[in-house]
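Hi everyone, thanks for coming. I'd like to walk you through one model today, starting with its charged pairs and ending with its open space. Here it is.

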Amino acid sequence: MTDSVDVLITAGRMPAYAHPGDAGADLHASEAVRLEPGERRTVGTGVAIALPDGYAAFVVPRSGLAFKHGITIVNAPGTIDAGYRGEIKVSVLNTDASEAYEIAEGDRIAQLIVMPVGRARFVAVDRLPGSVRGEGGFGSTGFGLQNTGVDA
């Protein structure tokens, strides 16, 4: 088990973990919104947070909403930096081609994951060191099982 960190909250419904061991705490809509097919809207949560230095929060979709209704987050994950003090708003998208979706005030619309983050020191070099993967990008590892040459 990792240590917990205090995140200060003002207003709105307190984010909460549904189950012990969950990574994401549920965020609730502070307003009712109807999403037509293909429509995106920004939905308030009524929650503002203060994260300690060295932490960030990430707003991610709820898998049940995505699977059952096609509701996702446009900029997933949404990043909340430690210095931000405004309301957390969620930019939701209805990907369903034919059905509208109603978000009621109080509905769980996203999850908030709080994580420690490191600061990178970017170093300019003339050439990058080699690696096994090299410059292989999108799809470079294939779609099926790979033969790694190691017996399982």
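Let's begin at E39, which is partly exposed at 25% relative accessibility; buried here means under 20% relative accessible area, exposed over 50%, and partly exposed in between, with a 1.4 Å probe and protein chains only. Before I go on, a word on the ground rules: this is a predicted model, where local features need pLDDT of at least 70, side-chain atom pairs count only at pLDDT 80 or more, and totals for chains, interfaces and linings use all residues. Residues are numbered from 1 along each chain as its sequence is written, and side-chain values use heavy atoms, with hydrogens and water left out.

So, which residue does E39 meet in a salt bridge? That is R41, with 4.0 Å from N to O; a salt bridge is a side-chain nitrogen of Lys or Arg within 4 Å of a carboxyl oxygen of Asp or Glu. R41 is partly exposed too, at 34%.

E36 and R34 form another of these pairs, at 2.6 Å from N to O. E36 has 33% relative accessibility and R34 has 39%, and each counts as partly exposed.

Now look at R62 and D26, whose side chains meet at 3.4 Å, N to O. This pair links distant parts of the chain, 36 residues apart: R62 sits in the loop between strand 5 (55-60) and helix 1 (63-69), and D26 in strand 2 (residues 25-28). Helices (H or I, at least four residues) and strands (E, at least two) are DSSP runs, numbered from the N terminus. Are these two partners buried or exposed? R62 is buried at 16%, and D26 is buried at 6%. Shared partners join D26, R62 and R108 into one network. The structure holds five salt bridges.

On to the open space. The largest pocket has a volume of about 690 Å³. A pocket is an open set of points on a 1 Å grid over the protein atoms alone, where a 1.4 Å probe fits, with protein on both sides within 12 Å along at least five of seven lines; lining residues have an atom within 4 Å of a point. Of its 22 lining residues, the closest to the centre are S4, Y17, D22, A23 and V114. Strand 10 (residues 108-116) gives the largest share of that lining, five residues.

Finally, UniProt, in an unreviewed entry, places "domain: dUTPase-like" at residues 13-142. Over that stretch the chain is 5% helix and 38% strand. Thanks, everyone!

Definitions and conventions
Points joined across faces, edges and corners; volume = space filled by probe spheres on them. UniProt positions renumbered as here; feature names shortened; annotations may be inferred.
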